[in-house]
Amino acid sequence: MTIIVKLNGGLGNQLFQYAFARGVSVSTKTNFRLDVTPFHTYYKSDSYELSKFNIQEHIAKETDMFGFVWLRKHNTFFNFIYHRLKFNKILRLWYYMEKTFMYDQNVFSRKGTTYFDGFWQTEKYFKNIEDDVRKEITLKAALSPQSQKIQEEIQKTQSVSIHVRRFDTRFDTESKHKPWHSLCSPEYYERAIEHIVKHVKSPHFFIFSDNYEWAAETFKTLKYPFTLVGNGKEKNHEDMILMSQCKNHIIANSSFSWWGAWLNPRKDKIVVAPQKWFEGAPKNDIRDLMPKEWIKL
C-alpha cells in the first residue's frame, strides 16, 4: 500500500501537504510519494520548493498507481472523467479529495493505495510526529550572509516576528478570489503588537513582508525597536526559517507565516493570529487550523 499526496500552492501549502503525507504514512504504516506534476502543468504561478529542506523527498512517477498520477496531471481531462457518473465510482477507489477545511480522521482508515488531493491545514494530521517534522523542515544549505546577520540579531533580542502579506494575488481584494481571502489590516497589527508588549519585556520586532516599501511606511512610527527583512521572494525559505527562530510571533492569514510560527519549538512562545482567516466562505471552518494555545485577535 502506498499513499500519494498532491502538492500545489506556495511554500506554506506544500509544507502542510508534506507533513500530512508524513503523518498519514507513519500512522498507517505505509509508504508515501509526493506528486509534483501540478507545478509543471496547471499551477504555473507557484513552484516546487521543498527540495531546499531536509525532507524525505519521495517523488511520485507518472506511472505510479497504474498511471493514475499521469491521469491526475492532466487536470481538464481528469475533471471530465471524474464528473461522469460511470467513472466516478471507479476513480474514488483510489482518489480522495479533501471535503472541508476541518480535520478529517477518515484519511487514516483508507484501504489500499490512495491519491490524496487537498490542503490538509491542521497539525492534527502530524501532531504525533511533530518533532520529526520540525527536524526535517530545516535548510540543506547555509543561510545567506544577509540572513546570518539577521539571525544573530534575532538570537540576542526578545525577538517577535511580524508577517505581512500584500502582493499575493490570492489575497488581492480586487481579484476574483475576493469572497475567500482578505488582507490583514493595519489595525489588526496594532492590536497584535499591543498584546505582545503587555507580555514581552523589551520586544524587538522583525518584519517580514512581500512588500518592503508598504511595510516600511506602515511601521515607520512603531515605538519599539524593529528590523525590516528584505530578502525577496527568491529567499522566502530563508525568511521562514528566520521567522521560526524568533521567540514570539504575529502572523497573517497565511500558511507561510503559520509555519514560521509553528516551526518554533518553544513551549512558552506567544503566537498572535487573525481571528478572520477568510473573507466570507463560512464553509471553511478554521477551528482546526490553529493550535489552541495561539491567540486569535
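**A walk from surface to core**

The model is a predicted one, in which local features need pLDDT of at least 70 and side-chain atom pairs count only at pLDDT 80 or more, while totals for chains, interfaces and linings use all residues. Residues are numbered from 1 along each chain as its sequence is written, and side-chain values use heavy atoms, with hydrogens and water left out.

F77 counts as partly exposed because its relative accessibility is 41%; buried means under 20% relative accessible area, exposed means over 50%, and partly exposed lies in between (1.4 Å probe, protein chains only). Together with W70 and F80, F77 makes a nonpolar surface patch of about 330 Å². Patches are built from residues with over 30% relative accessible area and no salt bridge, joining like charges within 9 Å and nonpolar side chains (Val, Leu, Ile, Met, Phe, Trp, Tyr) within 5 Å. The areas come from the Shrake-Rupley method with a 1.4 Å probe, and for residues only the protein chains shown count as cover.

Now step inside. In soluble globular proteins, nonpolar side chains tend to be buried together. The largest nonpolar core here has 55 residues, and F126, W258 and W259 have the most contacts inside it. Such a core is a set of buried Ala, Val, Leu, Ile, Met, Phe, Trp, Tyr and Cys residues joined through side-chain atoms within 4.5 Å. Among the elements that each supply at least two residues of this core are β1 (2-6), α1 (11-28), β6 (203-209) and α10 (255-262). Helix α1 gives the most to this core, with 8 residues.

What is F126 in contact with, leaving aside its neighbours within four places in sequence? The list is F16, A19, F20, G23, V133, W258, W259 and W262, where contact means heavy atoms within 4.5 Å. Apart from this core lies another, of 20 residues, including A215, L222, A252 and V272.

Charged residues come next. Side chains of opposite charge can pair when their charged atoms come close. A salt bridge is a side-chain nitrogen of Lys or Arg within 4 Å of a carboxyl oxygen of Asp or Glu, and the whole structure has 13 of them. One joins K220 to E217 (2.8 Å, N to O). K220 counts as exposed because its relative accessibility is 52%, whereas E217, at 49%, is partly exposed. Elsewhere, salt bridges that share partners join E123, K127, E130 and R134 into one network. Within it, E130 meets K127 at 3.2 Å (N to O) and R134 at 2.8 Å (N to O). E130 and R134 both lie in helix α5 (residues 130-136), 4 residues apart, about one turn of the helix. E130 is buried at 13% relative accessibility, as is R134 at 16%, while K127 is partly exposed at 39%.

R165, in the loop between β5 (158-164) and α7 (186-199), is buried, with a relative accessible area of 18%. Its side chain makes a polar contact with the side chain of S254 (3.3 Å). A polar contact is a pair of N or O atoms within 3.5 Å; within protein, one must be able to donate a hydrogen and the other to accept it, and residues adjacent in sequence count only if both atoms are side-chain atoms. In helix α6, the side chain of Q146 makes a polar contact with that of N231 (3.4 Å).
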